[in-house]
Amino acid sequence: MQKPHHNRSYRSIPPRLSHAFVVRLGTMNITVLNHPLVEHKLTVLRDKNTSSATFRELVSELVMLEAYEATRDLDVVDKPIETPVAPMIGKHIAEPRPIIVPVLRAGLGMLDGMTKMIPSAEVGFLGMKRDEEHPTQQITYANRLPEDLSGRQCFLIDPMLATGGTLVAATHYLAERGAKDVTAVCIIAAPEGIQFVEEHIDPSIDFKLVVCAVDEKLNDKCYIVPGLGDAGDRLYGVID
Ligand code: URA
């Protein structure tokens, strides 16, 4: 038998299916992008030697690819136009406009790609962090959102779905303002986080999740394995 060239164990990527696949888990749909371009970009993104500048660029590109799947159910209305050849009824994104909500800080890295794909969307902001005294709970430390989100299609963006606590809290925060239709766009998810979301999300919310990849597990520090490290630090540098 041929010997491996190295003595480290490299985690391989599961075999590729031919399309993005959608899994129904409880009341939620999970779309996993499944595409050679996504796999290539994700591999460069994960590499610890990739610079912050390249990392930011790749996050933007990956989000644009995810946006294509995430907006599949976007509400549109008929729009009559005239082409140079003939009149026709086209489509136009419906009112009220969709809203994109990055979860601070790492979600900001996904905003540029998302707004490129839906330039007419409104943008809100949500800052959440773990409550150190009650680690299973989240504190909202910043929010810039319309008071009324009823009838709005909301896109929550946060690169890493790790424990799932922030995503559930952020979705419920939007739901308290009337949102009933929430799509979370993450780059990498841990199975533990997906399970937590499935078990804790209010089933009356039409909740969908779009990810580039589902990784192996969380480690004891709640980092995704193999993951890509701390997404905020890799986007913006270490603050402390
Ligand atoms: N947040 C990150 O930035 N990375 C992880 O692996 C988990 C949570």
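What pLDDT does the chain average, and what percentage of the residues score at least 70? The chain averages a pLDDT of 91, and 90% of the residues score at least 70; pLDDT is the predictor's confidence in each residue, from 0 to 100. This is a predicted model, in which local features need pLDDT of at least 70 and side-chain atom pairs count only at pLDDT 80 or more, while totals for chains, interfaces and linings use all residues. Residues are numbered from 1 along each chain as its sequence is written.

**Confidence**
- Residues 1-7 have a pLDDT below 50, and beyond near neighbours in sequence this stretch has 0 contacts in the model (a contact means C-beta atoms, placed from the backbone, that lie within 7 Å).
- Where pLDDT is low, the predicted coordinates should not be read in detail.

**Helix 1 and helix 2**
- The axes of helix 1 (residues 36-46) and helix 2 (residues 52-70) come within 10 Å and cross at roughly 155 degrees. Helices (H or I, at least four residues) and strands (E, at least two) are DSSP runs, numbered from the N terminus. Axes are lines fitted to C-alpha atoms, for helices over the stretch in contact, and angles run from 0 to 180 degrees between N-to-C directions.
- Helix 1 and helix 2 are therefore roughly antiparallel to each other (an angle over 145 degrees).
- The contact involves, among others, Leu37, Val38 and Lys41 of helix 1 and Thr54, Phe55 and Glu61 of helix 2.
- By class, this contact of helix 1 with helix 2 has 10 nonpolar, 1 polar and 2 charged residues. Ala, Val, Leu, Ile, Met, Phe, Trp, Tyr, Cys and Pro count as nonpolar, Asp, Glu, Lys and Arg as charged, and the others, Gly among them, as polar.

**Helix 4 and helix 5**
- The axes of helix 4 (residues 165-176) and helix 5 (residues 191-200) come within 8 Å and cross at roughly 30 degrees.
- Gly165, Leu167 and Val168 of helix 4 meet Phe196, Val197 and His200 of helix 5.
- The contact of helix 4 with helix 5 has 4 nonpolar, 2 polar and no charged residues.

- An open sheet is formed by 3 strands in the order 10-12-14, with parallel pairing (two strands pair if DSSP finds at least two bridges between them).
- Strand 10 (160-161) and strand 14 (213-214) are the edge strands, each pairing on one side only.
- Leu161 has Ala189 in strand 12 as its bridge partner.

**Backbone geometry**
- A cis peptide bond joins Leu104 and Arg105, and another joins Val225 and Pro226.

Key
Angles under 35 degrees count as roughly parallel, over 145 as roughly antiparallel, 65 to 115 as roughly perpendicular and the rest as oblique. Two residues are in contact if their C-beta atoms, placed from the backbone, lie within 7 Å.
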